[in-house]
2 protein chains.
Amino acid sequence: MIQLYELAGADPEVRFSPYCWRIRMALAHKGLEPETLAWRFKDRAKLPGKAVVTQVPVLLDQGRVLSESTRIAFYLEHEYDSCPSLFGGPAGEPPTRFIIHWADSVLNPGLFPLVVADVFAALHPRDQAYFRESREKRLGRSLEQIAAARGEFLPGFRASLAPLRRTLAEQRFLGGEEPSYADYAVFGGFQWARVVSPADVLAEDDTLVAWRSEMLGLFEGLAAEAKRAV
Amino acid sequence: MIQLYELAGADPEVRFSPYCWRIRMALAHKGLEPETLAWRFKDRAKLPGKAVVTQVPVLLDQGRVLSESTRIAFYLEHEYDSCPSLFGGPAGEPPTRFIIHWADSVLNPGLFPLVVADVFAALHPRDQAYFRESREKRLGRSLEQIAAARGEFLPGFRASLAPLRRTLAEQRFLGGEEPSYADYAVFGGFQWARVVSPADVLAEDDTLVAWRSEMLGLFEGLAAEAKRAV
């Protein structure tokens, strides 16, 4: 059975990493049901072989150990090529890489200051010191200062979603009529926010709310039914 | 023969519209050679039928009149389906729409303040008053003020290219091994800047310079040999 290491909160059932969610959705798309294993920053879980997990997701399949969400997605696509394609076919792969990089370099960094204080609160106490130190260094401000400035970040974040909003005004999913890995790569960020935060990152009347609802409902509500920290 | 109306400068051979360049490249990709017709803002060219061209590109083919670059691209893809696909096949179409919208909502608006004064200078004198009035209204500043602030806009523009830079670090073109309409949609912006501006919008050591050079060289140097205003 495929095993998937996922970042967990103080409650081991709370799984919020945007990159892990990409793979959870991708596995479901392929019709694969993994055993998911809680991982925490301070765990550095030792795998059956020699590898040590220093970041998640990590996927174990047929004796192979794979890390990094994009690499895992392409592995699943080609290893399980008789299951539904994650990209609608080979021609979908190159442009989808752009969407993944947009999510990595625009969407998720834009969400980060909006959710960072909630992520901190959801973490296992043993993870909090590491998280605070590394994230405050990256942002140059305390988590509390960032949380207090949430209202300043929100308009810019919402404006940055323009390409997503315009695309989804023309088609049901980034993948077209059916969801694809492009949808999962982007949705991971929204699920991250949803699992940890009580506040919504989207305005109520944002047209993206409809797409997000569709994503939440996929695979019998896999994401909708995920345990939240709030 | 296909006819294509393109925005022209004071020199009718200077063609700089980013949206027209998308279609020039797309036609070449399909192996189609259009008759290109100079159009200017104040021309409002009357077509053979009743239509009046109020924005370009406009494509005339087999008695049909098509406007808007994205619509024209999809028309060419399906009307000329025995010629090489602009999207690598149907699976490439949905994710490419995201890249087109990224170019429309991030890349081209980011280039606008960097090139607007040069565009103004390249225009036919009869177009300049209309252009000044409409663009100053949109930006809330005079063209001269915007040009003077070029150095302020440049770092943010270059940072906004992160998804493009990361994708092209992994693959030769947005289309993968071969250029696709995604590449033409993005390249149009760079060609706009190149045709009107003496200054480069990319830093010399930007890894995107190599991709842009490849794009300039396609179709026997179609874009490289285009007449520049400078």
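Colleague: How many residues of chain B are in contact with chain A?
Modeller: This is a predicted model. Chain A puts 26 residues into the contact. From chain B, the number in contact is 26.

Colleague: What area do chain B and chain A bury between them?
Modeller: Carbon and sulfur atoms carry 68% of the buried area. The whole area that chain B and chain A bury is about 2,200 Å².

Colleague: Which residue of chain A forms a salt bridge with B:Arg97?
Modeller: The rule finds two salt bridges across the interface of chain B and chain A. In the one made by B:Arg97, the closest N and O atoms are 3.2 Å apart. The partner is A:Glu170.

Colleague: How many residue pairs are in polar contact between chain B and chain A?
Modeller: The count takes pairs with both residues at pLDDT 80 or more. Between chain B and chain A it comes to six.

Colleague: Which element gives the largest share of the side of chain B that touches chain A?
Modeller: Two elements of chain B give two or more residues to that side: helix H3 (93-122) and helix H7 (162-168). The largest share is 11 residues. It comes from H3(B).

Colleague: How many charged residues does the side of chain B that touches chain A have?
Modeller: By class, that side has 12 nonpolar residues. Another 10 are polar. The charged residues number four.

Colleague: How is the aromatic pair of A:Phe98 and B:Trp102 classed?
Modeller: The structure holds 21 aromatic pairs over all chains. This one crosses between chains, from helix H3 of chain A to helix H3 of chain B. The centres are 5.1 Å apart, and the planes stand at 70 degrees. An angle over 60 degrees sets the class, so the pair is edge-to-face.

Colleague: How many residues apart are B:Phe87 and B:Tyr181?
Modeller: These two form a tilted aromatic pair, 5.9 Å centre to centre with 55 degrees between the planes. B:Phe87 sits in the loop between helix H2 (69-79) and H3 of chain B, and B:Tyr181 in helix H8 (residues 181-196). Both are buried. The pair links distant parts of the chain, and the separation in residues is 94.

Colleague: Which residues form one aromatic cluster with A:Trp39?
Modeller: The cluster lies in chain A.

Colleague: How many of the 11 residues of H2(A) are buried?
Modeller: Helix H2 (residues 69-79) of chain A is mostly covered. Among its buried residues are A:Ile72, A:Phe74, A:Tyr75 and A:Leu76. The cover includes helices H1 (18-29), H3 (93-122) and H8 (181-196), plus strands S3 (58-61) and S4 (64-67), of chain A. The number of buried residues is eight.

Colleague: Is A:Arg212 buried or exposed?
Modeller: A:Arg212 is found in helix H9 (residues 208-221) of chain A. Beyond four places away in sequence, A:Arg212 touches A:Phe187, A:Phe190, A:Asp200 and A:Leu202. Relative accessibility is 12%. Under 20% is the cut-off, so A:Arg212 is buried.

Colleague: What distance separates the C-alpha atoms of A:Arg212 and A:Phe173?
Modeller: Along the chain, A:Arg212 and A:Phe173 are 39 residues apart. Their C-alpha atoms are separated by 9.9 Å.

Terms used: Residues numbered from 1 in each chain as written. Chains lettered and ligands numbered in written order. Predicted model: local features only at pLDDT ≥ 70, side-chain atom pairs only at ≥ 80, totals over all residues. Heavy atoms only, no water. Contact = heavy atoms within 4.5 Å. Buried area = accessible area lost by both parts, 1.4 Å probe. Salt bridge = Lys/Arg side-chain N within 4 Å of Asp/Glu carboxyl O. Polar contact = N/O pair within 3.5 Å; in protein donor to acceptor, adjacent residues only side chain to side chain. Helix = DSSP H or I, 4+ residues; strand = E, 2+ residues; numbered from the N terminus. Nonpolar A, V, L, I, M, F, W, Y, C, P; charged D, E, K, R; others polar. Buried < 20%, exposed > 50% of the residue type's maximum accessible area, 1.4 Å probe, protein only. Phe/Tyr/Trp six-rings, centres within 6.5 Å; stacked < 30°, edge-to-face > 60°.
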